[in-house]
Structures are given as C-alpha cells and as structure tokens.
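Hi everyone, and thanks for making time. I'd like to walk you through one structure, so please have a look at it before I start talking.

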Amino acid sequence: MRRLLAAPGFARLWVSAFFGETAEWMLQVALPVYLFVRTGSAVTTALSIVLGLLPAVLLSPVAGIVADRWDRRVVLAAVCAGQAVVVLPLLVGSELPVAAVYAVMAAQAGLASVFEPARSALVPELVGVEDVTPANGLMSVNGSVARLAGGWAGGALLGWGGLDRVIVGYLVALAVAGMLLAFPFRRVAVRETAPEQADWLAGVRDLAGKRLRATSVSALLTSLAQGMFLVLFVVFVLDILRGSEADAGLLRGVQAIGGLAAGFAVATLARRVAPVLLQGWGLVAAGLMSVAIWNLPGATTALGVYAGLFMAVGAPAVVAGAGLLSHVQAETGPDRAGRVLSTVYALMAAGTAAGSLLAGALVAVTGPTVLLNVQAGLHVSAGLVVLGWGNGRFRRSRARKVVTVDKCRLSSPPATST
C-alpha cells in the first residue's frame with residue numbers, strides 16, 4: 001500500500017478521486033431526496049434516476065473510444081470542468097423547475113460516462129497490471145471516505161440551506177479534483193492509443209466472451225438491485241423509518257465506514273485472492289445483510305441501529321466492487337481497456353435504470369418491503385452466478401496476466417510523463 005502511494009502519479013489520481021467522488025456523492029444523495037420532498041412521488045424520483053443514467057448507455061461507444069484514443073488525464077480534467085458548468089443552473093434554488101433538475105442529472109451522467117472508464121483504465125498505466133487489485137482497494141478507501149463525507153454533506157446542506165448550498169459545496173470539491181489533474185502523470189506502463197477507426201464494439205465482444213461473461217451477468221444483476229435501491233432507499237428512510245433528509249444522507253454516508261475497512265483489507269491482504277472470489281462472496285454477503293436490514297423495522301426503527309447496519313453492509317459491497325473492476329482490468333489489454341470498461345459501465349447504467357423504473361412503478365402496488373427483499377435477492381443471485389461460473393478461472397487469469405504485463409512493457413522503458 002505504501003509503495004503504491006509513493007508513486008506520484010497514482011497518489012495524485014487517488015487524492016483527485018477523493019474530491020471528485022465527494023462532489024458526486026453530494027449530488028447523488030441530495031437530488032433524489034430534493035425531488036421526493038418536493039413532489040412526494042417515488043415515480044418522479046425513479047424518473048430522475050433513469051434520466052440521469054440513460055446518457056451513460058447512449059454515450060458508451062463514444063466514451064470508450066475517447067478513453068482509449070486520448071490522454072486519459074486530460075480527459076478527466078476536461079470532464080471535471082464540464083461538470084462544473086452544467087450544474088450551475090441548480091444555483092437558482094427553490095424556483096428551479098423539476099425539468100431543469102432532470103436536465104442537469106442527464107448532463108452530469110453523460111460526462112460521468114466518459115470519466116469513469118478513463119479513470120479506471122488509467123490506473124494500470126500508473127501502477128502496473130500486477131498491482132491493480134491493491135490499487136483498486138486504495139481507490140475504494142478514498143471512495144468510502146468520500147461517500148461518508150459527500151453523503152452526509154449532501155443531506156445536511158440540503159436540509160440546512162437548500163439545494164444552492166449543496167451546489168456550492170459540490171463546485172468547491174470539484175475544483176480541487178480538477179486542479180490535481182492539471183499536470184502530467186509519471187507512468188510505469190506505455191500503451192498504444194486506439195487508432196482513428198477504433199472499433200467500439202470491441203468492448204461488447206470482450207464482455208460477451210468466455211473470460212468475462214459471468215462477470216457481465218453478475219454486473220447486470222447487481223445494477224438492477226442498485227437501481228431498485230436508489231428509489232426504495234428514499235422511501236425506506238423517509239416513510240418507513242420516519243427519518244429526515246439529513247438522516248437519509250447519514251445512512252447513505254455511513255456505509256463508507258465499513259467500506260473504508262474493506263478497502264484497506266483489499267489493498268493490503270487481497271493481492272493474491274482471485275478477483276472473482278472477491279466479487280462473488282462480497283455480493284452474497286451484501287445481499288444477506290440487506291435482507292436483515294429491510295425486515296427489521298417491525299422490531300425497531302431506531303436510527304442508531306440502522307446506522308450500524310448500513311455501516312457493516314458497506315464492507316462486502318466494496319470488496320465486490322474491487323473484485324469486479326480488478327477482474328476486468330486484468331483480463332483486458334491496455335489498448336482497449338477504455339472501450340471494455342465503458343461497456344461495463346453502460347451495462348450497469350442500463351440495469352440501474354431498469355431497476356429504478358421497476359421499483360418506481362411497483363412500490364405503490366407491492367409496498368417497499370417486498371421490493372427491498374427482491375433487491376437483496378438479486379445481490380445474492382449475482383454473487384452465486386460469478387462464483388459458479390468462475391471455478392478454476394483464477395489460475396488462467398494469473399497466467400494471462402504475465403502476458404499482459406509483457407505487452408504493456410512495464411519494466412523495459414523508462415517511466416514517462418503525459
């Protein structure tokens with residue numbers, strides 16, 4: 001872990017990611033709560049989530065080619081600047097039309113569809129393919145802290161000063177993230193950029209292939225569960241637990257505490273653990289713990305109890321996420337990593353949108369508890385899929401990793417700055 005943070009390029013990306021994710025979590029928590037409080041409709045909340053995800057699906061081909069063709073650091077800095085510009089209409093405050101919130105969420109999602117694959121594809125360039133799992137663990141650490149800080153700040157600022165206070169905090173955090181990306185990185189891997197006629201379907205073919213097929217199915221099931229959660233969590237806190245906007249931000253944020261511990265564990269102990277095992281068992285554990293949470297209100301609605309439970313469930317969720325990302329990075333060549341990762345994010349965005357629509361349409365019919373249990377079951381199913389399909393996969397993955405490292409020319413050339 002210390003060796004990774006001693007690499008200047010990765011360390012700067014790591015800190016930038018903290019501020020960028022803090023800003024992102026502020027909006028992710030504040031905007032759905034803002035819309036639910038303003039309209040009182042779970043359907044409206046679900047629609048806003050879908051509109052915020054649809055651009056990620058539509059722009060996936062462009063995002064992947066951009067991440068593979070251009071300097072990924074420059075792409076990240078440009079996206080930060082774009083996100084700051086498109087959020088400015090939200091400073092209007094209480095007079096803002098609901099349609100304008102939808103438009104901002106869609107624009108943010110479109111920019112994020114470029115940002116995420118570029119950042120994930122950049123990590124192996126800065127640390128080397130053999131260190132992607134501990135590097136992803138460290139990225140999960142600051143992601144967890146950012147979730148805690150951003151989730152709490154989003155809910156608290158919304159309840160205290162309204163949406164405009166949330167946007168000011170968002171812009172400050174985003175500005176710091178952008179400044180850290182302003183200067184070239186020192187890299188340990190040299191990659192060839194994608195040609196002008198780069199085939200964006202390369203990512204689709206890789207995910208449909210034997211090596212990543214189980215991971216793809218698992219990611220789709222997980223994203224369906226996540227989409228349902230985004231809608232149902234607001235209903236769960238405000239209607240079932242009778243909590244406030246600040247309580248919603250707190251409970252979304254405390255998951256980061258468990259995730260923080262899990263991220264450190266992945267960064268320090270899990271280098272030789274198969275990524276598919278991290279993903280599979282993490283999802284099974286997260287699903288089983290979710291079943292307990294969703295069915296507990298009959299016994300107690302004490303906020304402290306749920307704070308502890310949400311804190312605990314954050315750990316397996318981070319382990320599963322690190323396993324998914326590490327497996328895709330290890331199985332993908334550096335020249336097409338952006339296209340494969342953008343396809344993964346598009347698949348997950350589509351699943352999340354479908355899950356949000358499903359929850360928004362059915363919650364008034366079935367009630368939130370039934371759907372929350374379905375959501376937990378999807379997590380368990382996603383874990384079992386990747387565990388069942390991944391038997392023996394790790395030995396083959398490690399053998400291929402040596403070949404991938406040679407292709408990246410990790411040790412032969414001097415480190416470069418771009």
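This is a predicted model: local features need pLDDT of at least 70, side-chain atom pairs count only at pLDDT 80 or more; totals for chains, interfaces and linings use all residues.

Let's begin with charges. In general, side chains of opposite charge can pair when their charged atoms come close. In one of them, E21 meets R119, with 3.1 Å from N to O. E21 sits in helix α2, residues 8–39, and R119 in helix α6, residues 98–127, so this pair ties together parts that are 98 residues apart in sequence. Are these two buried or exposed? E21 is buried, at 15% relative accessibility, and R119 is buried too, at 9%.

The other salt bridge joins R72 and E125, at 2.5 Å from N to O. This pair also links distant parts of the chain, with R72 in helix α5, residues 72–86, and E125 in helix α6, 53 residues apart. Both R72 and E125 are buried.

Now to the rings. There are seven aromatic pairs by the rule used here. Take F18 and F19: their ring centres are 5.1 Å apart and their planes stand at 75°, so the pair is edge-to-face. F18 is partly exposed, with a relative accessible area of 22%, and F19 is partly exposed as well, at 26%.

Another pair is F236 with W294, where the centres lie 5.0 Å apart and the planes are at 75°, so this one is edge-to-face too. F236 belongs to helix α10, residues 213–240, and W294 to helix α12, residues 275–294, which puts them 58 residues apart. Both F236 and W294 are buried. They also belong to a cluster: ring pairs link them with F229, F233, Y306 and F310.

Last, the surface. V85, L88, L91, V168 and V172 make a nonpolar surface patch of about 420 Å². V172 is in helix α8, residues 163–180, and is exposed, with a relative accessible area of 51%.

And then there is R242, in the loop between α10 and α11. Most residues other than glycine have a negative phi. What is the phi of R242 near? It is near 55°, a positive value. R242 is exposed, with a relative accessible area of 69%.

Conventions
Residues are numbered from 1 along each chain as its sequence is written. Side-chain values use heavy atoms; hydrogens and water are left out. Patches are made of residues with over 30% relative accessible area and no salt bridge: like charges are joined within 9 Å, nonpolar side chains (Val, Leu, Ile, Met, Phe, Trp, Tyr) within 5 Å. Accessible areas come from the Shrake-Rupley method with a 1.4 Å probe; for residues, only the protein chains shown count as cover. A salt bridge is a side-chain nitrogen of Lys or Arg within 4 Å of a carboxyl oxygen of Asp or Glu. Helices (H or I, at least four residues) and strands (E, at least two) are DSSP runs, numbered from the N terminus. Buried means under 20% relative accessible area, exposed over 50%, partly exposed in between (1.4 Å probe, protein chains only). Rings of Phe, Tyr and Trp (its six-membered ring) pair if their centres lie within 6.5 Å; planes under 30 degrees apart count as stacked, over 60 as edge-to-face and the rest as tilted.
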